[in-house]
Each structure stands twice: as C-alpha cells, then as structure tokens.
Amino acid sequence: MYDSGKIITGLVLFVGLVTLPFWYSIGKAQVKPDPSLNTPVINQMKVKHCIESKQFMIDNHMELLNDWRNAVVRDNKTLYVSTTGQSFTMSLEVTCFHCHSNEKQFCNQCHSYVNIQPYCWECHVKPAEEIANGH
Amino acid sequence: MKLLVAFISVLVLVAIPYLGITYAGMSSVFGIIVPYAAVIIFILGFVYRIIKWARSPVPFRIPTTCGQEKSLPWIKQNKLDNPSSTTGVVGRMVLEVLFFRSLFRNTKTELRDGPSLAYASSGWLWLAAIAFHWSFLIILIRHFRLFSVPVPYFINVLENVDGFLQIGIPTLYITDVLLLAAVLYLFIRRIAIPQVRYISLVSDYFPLFLIFGIGLTGVLMRYFYRVNVIGVKELVMGLIALKPNVPADIGSLFFIHLFLISALFAYLPFSKLMHMGGVFFSPTRNLANNNRMVRHINPWNYPVHVHTYAEYEDDFRDKMKSVGLPVEKE
C-alpha cells in the first residue's frame, strides 16, 4: 500500500463520519414525545373533541393554521366552519390556546422531538402559562 | 434501451418495498434488515475499494499543463494549477473537491459554418453539478435532525437558511428544488446531446433515476402525502441505538424512500458513484509537479543486475592484455 498513513487516516475519518449518528446517540436517553391534554379547559369538556377529528389535526394542523393566517391577514375572514358545521374564530391565541394552554407539554413535545421550528412566535404572544412563568 | 433498463430497475426498486409493506406486512425487513445490510455493505465496500486503489503503484508525477510550472525565479508560477509543494496540492485538491475546478474548465468544441472550429467554455454542466452535489450534501446533513436527540444547533441554522423563503407549510427548502432540477438537467443533457447519449451506459442512467426517485419520494413525503414523522424518528433512533423497532403507522412512502436510499448506499462502492472517494486519488490533482526537484523512483522497478565495466574487465583482463588493449586495473 502506498501513502498508507494519509489514506488510512482519511478512511478512519470517513467511517467515523458515516457512523456519527451511532456514536452521537450513545448514552442519551430516548424520550418519546407525549403530547398532554391535561389542561383545565380540556378537563372540563364532556366530549373531548378538537375543531376537527384527531387524525385530521395531527396530519393537517400546520396547513390549517397557515390557511387561517392567510384568511385573516389577507382576506379579512375570521370565521372557520368545521366539517361538523360548528363555527370557530380563526385565531391561534383565542381558539387554539383556549384549550391547549400548555405549549410545552403539547406543541413542543413533537416539535422538539423532530426539530420542527414553527415561526408562530415571530408574531404571536405565547400562551398565558408561559407569560405567567416569566418566559 | 439502456435508459429503459435503468428506468425499469428503479421502478422495480420502488415496487419491492411497496408490495412488501402493503401486501406482505414486511415492515421489519424493510425497516430494519435492509438499512442495516445497506450500511454494512456501504462501509465494507467503500473500505475495500479504497484499499484496493491504495495498493496500486503511484504513477510518475504528471505535470499538468493548466498553468506555469515552477521554473526560473523571474517566471511567475501558477501555484494552484501547477503546485510544487504540498500546500499547493492541498489548495488544488480543496478547489477540486469543493468547487469542481477541473469541470469548470470544461470546454465545448463545435464545427461551425465556414467551416471553422470553435472552442467555448461550457459552464452549464459545472453549474448543474455544483447545484446537485451541494444540495445533496445539505439535504444529507439536514437529515441529521432525524438521527439525533437533542438536535445540534447547526442543524437549526442550516434549516433556517435553507428554508428562508418561508414558502408554504412545511417551509419549502431551496435545496429540494435545486436537487430535483439539477438531476433533471443532468438527465436531459445526457439524452439531448447525441455524443453524450452514445457513450451513456445503464450505470450512467441508473444512479440518476435512483437519486431522482429518492428526491421525489422525499419531496412527496414532506409536502404532499405526509408520513408519520414521529414514527420515522422513533424507527431511526431505534436503529442507531441498536434497539430496532418499527412503529406501526409510518406509511409505505417512507419505506420506498428508505429502500431507495439503502439501494444507493449498497450500490455506491461498486459504481461510478465511488468518485466520492476516488477524487482524492486523481494523480493529476494530488501530485505536486516537482519532477525537476525530486527524483521519482518507479515503485514497480525490480533490481536489475547490471554488468559494469569493472566486472567486464575482470572477466576478460587476460585476453585484453594479450591483444594489447589498455586496461584500467593491472
């Protein structure tokens, strides 16, 4: 083998880089996300139901919020009629956080786990819980 | 024909996990066994190829004629294109690996009316290549968010820069568009230019289709048919912690994506994609042009027995003396 010093150093570096996720995960506890519905408002609800079905909300909440923002900010429409015929005010702070007042135990559970950084807080004020805690 | 073979191969690679997941429920095969096997084949194959190349003798240093070599002190040397020192070589390699400098020099020859022969710089291939490679690298690094808890800060920076247009939800990544556009360009170039098409093989089309398939499934998963990304991360984290388990409801699109990537990883060491490691072995790029300063001994030279004049004289001294020839040693 020629230039073995350089080549083997390079190979070791390369294999180390390729297997980096394996090394990086050693000794780190794996906490799976567990969004909590334990808020005062939700606890008082007889039928625990979001504005749409649970699966729809899991899959599409981001698009729904994006559509809401565009509707409110650009088209001045503030009323959302759900598939069950109920009307809701299109507002993250008034509607969503009315029930889901626990951002850290709800939103951030999944968002932090897969490193999603929604830009909600560039405009919106965080839920009351956060403000009360001085964040 | 070659194009069709490659295209159908990739279609088969898409069909295998789709059928396996949808009809046979083989999620542990496609979620655990295939990715592990692919990574092992990739690493062993890569090391094998590199060691095999490293065992071939280093050729005589090839003076590239891209720039002025080191000469008389009043002639200005082109230190990057024709380096005579290790530092210069490192500089040349960095430019080659990161910016494809020799591809940038790509020229096109045309016979025009007249008739006259015209040479012109042809930068499109370089542009598409650089867009493709850098996008691919950034996308690969971005995927680290699914491979780490907690996610390192630089991944956030990368995601924010990549998605700074903030188009739609989830935010459109610039590299996703660039990658698909560049692969498409490289493919169209291959079939549109007759000469390039003539020399194209199955092994040229296949990686293009495969990478396009990977990009497309990724884009579909992110922007159109969402998969359960929490489940995906659980699967990935299980794999890298060596405690694999497959969450139930991920979606077959993800398994197609994963299978195509596994195919790419397993295929890479045995294909032209090995230029990833091979670029570091380019003799015209990684050898300093110091032929006039350092003696380069051919490594495959074997010891030749040389019959010197002294030995010749020893053999024939008596006969030489008897006919009156002069000898050096009496």
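These are my notes from looking through a predicted model.

**Confidence.** I checked the scores before anything else. The model comes with ipTM 0.85 and pTM 0.87. Chain B has an average pLDDT of 90, and 100% of its residues reach at least 70.

**Cores.** Next I looked up the largest nonpolar core, which holds 56 residues. B:Leu13, B:Phe46, B:Phe132, B:Leu210, B:Val232 and B:Phe254 touch the most other members. Which helix gives the largest share? I found that α11(B) does, with 9 residues.

I then picked out B:Val232. Beyond its neighbours within four places in sequence, B:Val232 is in contact with B:Leu146, B:Val227, B:Ile250 and B:Phe254. There is also a second, separate core of 8 residues, including A:Leu64, A:Trp68, A:Phe88 and A:Met90.

Two cis bonds went into my list. One joins B:Gly114 and B:Pro115, with omega about -15°, and B:Pro115 sits in the loop between β1 (107-112) and β2 (116-121) of chain B. The other runs from B:Ile169 to B:Pro170, with omega near -10°.

B:Pro170 is in the loop between α6 (153-162) and α7 of chain B, and B:Gln166 lies in the loop between α6 and α7 too. Phi of B:Gln166 is positive, near 50°. A:Asn115 also has a positive phi, about 55°, and lies between α6 (107-113) and α7 (128-132) of chain A.

Are these two residues buried or exposed? A:Asn115 is buried, at 10% relative accessible area, while B:Gln166 is partly exposed, at 36%.

Note on methods. Residues are numbered from 1 along each chain as its sequence is written. Chains are lettered from A and ligands numbered from 1 in the order in which they are written. This is a predicted model: local features need pLDDT of at least 70, side-chain atom pairs count only at pLDDT 80 or more; totals for chains, interfaces and linings use all residues. Side-chain values use heavy atoms; hydrogens and water are left out. A nonpolar core is a set of buried Ala, Val, Leu, Ile, Met, Phe, Trp, Tyr and Cys residues joined through side-chain atoms within 4.5 Å. Buried means under 20% relative accessible area, exposed over 50%, partly exposed in between (1.4 Å probe, protein chains only). Helices (H or I, at least four residues) and strands (E, at least two) are DSSP runs, numbered from the N terminus. Contact means heavy atoms within 4.5 Å. pLDDT is the predictor's confidence in each residue, from 0 to 100.
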